[in-house]
Amino acid sequence: MKLLNIAWRNVFRHTRRTIITAAAISVGLSSMIFMNTMMNGADKMASRNIIDFETSHLEVFAKDYYREEGVFPLDTIIENPRYIADGIKDIPGIKGITPRVKFQASISNGIDELPVLGMGIDIENDRRIFETGNSVVAGRYLQNSGDVLIGTDLANDMSLEVGSYITIITKDRNGTYNAFDLEVAGLLNTGHPLFDRNMAVIPIAQAQELLAIEEGVTEMCIRAIDEETLGPLKEKVSEEIGAQYEVFTWKEMNAAIFEISGFKRAGQFMIGLVVVIIAAVGIINTMLMAVMERIPEIGTLKAMGFTNSRIVRMFIYEGGIIGAFGSALGCLIGLLISIYLVHVGLDFSGLFENVDIVYPMKFIIKGEIDYVNMLYVFLFGILVSVIVTLWPVRKATKLEPVDALRHV
Amino acid sequence: MKTTKMSLLMMFLGAICASAQTGSEILERVDRNTVVTSSHYDAIMKISLGGTIREKRFTGYAVGKSRAYMEFTYPARDKGTRFLKIDDEMWIYMPAIEKATKIAGHMLRQSMMGSDFSYDDILENEKLTSLYDIELIGTDTLDGRACFVLQLKAKAPEVNYYSRKLWVDKEMYVSMKVELYAKSGKLLKEVSMGEFRRIDGYTFPTLIRMVNTLRKDTYTELLLEEVELDIETPDRIFTRAYLERK
């Protein structure tokens, strides 16, 4: 206890040194927290975009439909969506089911033609489980045959506005060209790049007519009540509808994106490591100076009968106290930055303006705070400070008191 | 005087015969008149986009309607780009990639070399008479020439264009203009043929103009020069190996 007291007083006897050391630690730690908040935020946004707009939690396809990303075959579709909807509607844990038809198409504004992903949606059901209906920023949601929703970015690219007419062209199931004139009913701003710059959303009946697929749909989207336990639900759905269909969770379908995510985590770890090393070097440096300066002091203590272990312990306490101050400061700064990121976010859009990115989000990233991680960062700061104190102190205690006293 | 009478009679008979012709008979005659067994040509492709015209040149071989080979020679950035078509399949070879890629699925809808032609348009090789129900719906005058107007409707669902309208020159028996329609009835493309030349008993259009009606201010013209018909075409031209040759 006495040692802790001495250490405490020592820390405040050298205010400037303490501040410099603590600042070095806090800079390192706040960068770690900043990184973590950004990465979590990016992941969360991507997941939300996928679930709320693209796939919901589970998707049912006809067997062999889902061959590769970005291919939408019309030869293996769900011919009888009602059968699936009726079959699984009583399974507990399902919040909603909606059919969708995805197809490759082009749209023309009378001047240019651009490739898009066409999507037919069930006007009523779709908005129960997706956010698409809540993302109409101009005009209105789909109402009648002949309505189309397009993203704001696509509208800008093709100089379209609410009320403009476009032609959608595709080849139907038989390979015959088909085209409809559509009126832009509303503009979507979803935050999901696929929807905002690359998609034309039309009523499902119209998509079915366009593609000559009768009652067929390409997929059935299922929203679960509990998003954490999708595995068992998937099993149940799969059992109910039989082997001519396949069920995937949103994570399985976006494995590629989460691989990127894993890769990104590795990258984050490397950057984190560099930040840690820089912070640790700063801490070692200041601690080393602090100890070297005080070698005569160590000599005095030894001459007064302090044992080596008590001296080491005293310095460990000092390192720990400074580390705790630095870490607390670092976490506080990190938290403040994180709160800013959660509410305002960072705008990377300028950086990626004309780049096609597969990652399903826009580049205004909003942060997501991970408090557990912050606790680890705090403890890490203290631990590093203590460890880096050990080495110079142990070296100093090996000196004879006389030599230590003479040391300048 | 007698000859005049005779020729008048002939003309009269001819007119009767013409009116008695059915749509498919007219088309059969067009096919006999224009479908060549083999050909070799140099072509200029003029792509007009919003007032500016880009010119490309290529040289091509074709056997019947089923096999074709094209190699671009101008401009420099397209030089060496080759296409091979065998029946329903098509490959593109680009010198930068050094490997032939099959054009399939939705790529077929896309524009070929930035022109108004899609790969689908190039791939077309089945006889119209076997794909469509043909009806003679009237006559019309096009560029001062009298034409039959034929309405074509798909017999089976598996066709690119659900319906077509054809203008056939009454005298030369060649199609002058084709309109291609989507299933919904929307006009997608207009093709017109001109500058017909008599070569080896065929009447061959040397100017083909394609307009994608869904785009504004664009058209593509194909000018065929140095046309040789019914020539010996070595089979090796229509192989992947020849396509990918160094």
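1. Let me start inside chain A: strand 5 of chain A (residues 147–151) runs parallel to strand 7 of chain A (177–188), with 5 bridges joining the two. Strands here are DSSP runs of E, at least two residues long, and helices are runs of H or I of at least four, numbered from the N terminus. Two strands count as paired if DSSP finds at least two bridges between them. In this pairing, A:Val148 sits opposite A:Val184 of strand 7.

2. A quick word on what you are looking at: this is a predicted model, where local features need pLDDT of at least 70 and side-chain atom pairs count only at pLDDT 80 or more, while totals for chains, interfaces and linings use all residues. Residues are numbered from 1 along each chain as its sequence is written, and chains are lettered from A and ligands numbered from 1 in the order in which they are written.

3. Back to strand 5 of chain A, which also pairs with strand 8 of chain A (residues 199–203), antiparallel this time and through 2 bridges. There, A:Leu149 faces A:Val201.

4. Is strand 5 of chain A buried or exposed? 5 of its 5 residues are buried, so the strand is largely enclosed by the rest of the structure. (Buried means 20 or more other C-beta atoms within 10 Å of the residue's own, with C-beta atoms placed from the backbone.) A:Asp147, A:Leu149 and A:Gly151 point one way, A:Val148 and A:Ile150 the other.

5. On to the interface, where 19 residues of chain A are in contact with 17 of chain B; contact means C-beta atoms, placed from the backbone, within 7 Å. On the chain A side, strand 2 (94–108), strand 6 (165–171) and strand 7 each supply at least two residues. Strand 7 of chain A gives the largest share, 4 residues.

6. Chain B has antiparallel pairings to check. Strand 2 (residues 52–63) and strand 3 (residues 67–74) of chain B are joined by 7 bridges, and B:Val63 stands opposite B:Arg67. Their hairpin has 3 residues between the strands, with B:Gly64 at a positive phi near 55 degrees. Strand 3 of chain B also pairs antiparallel with strand 4 of chain B (residues 82–86) through 5 bridges.

7. Finally, confidence: chain A has a mean pLDDT (the predictor's confidence in each residue, from 0 to 100) of 85, and 95% of its residues reach 70 or more. Within chain A, helix 10 (residues 255–293) is lowest, at a mean of 74, and strand 8 highest, at 95.

Conventions:
Two residues are in contact if their C-beta atoms, placed from the backbone, lie within 7 Å. A residue is buried if 20 or more other C-beta atoms lie within 10 Å of its own, exposed if 12 or fewer, and partly exposed in between; C-beta atoms are placed from the backbone.
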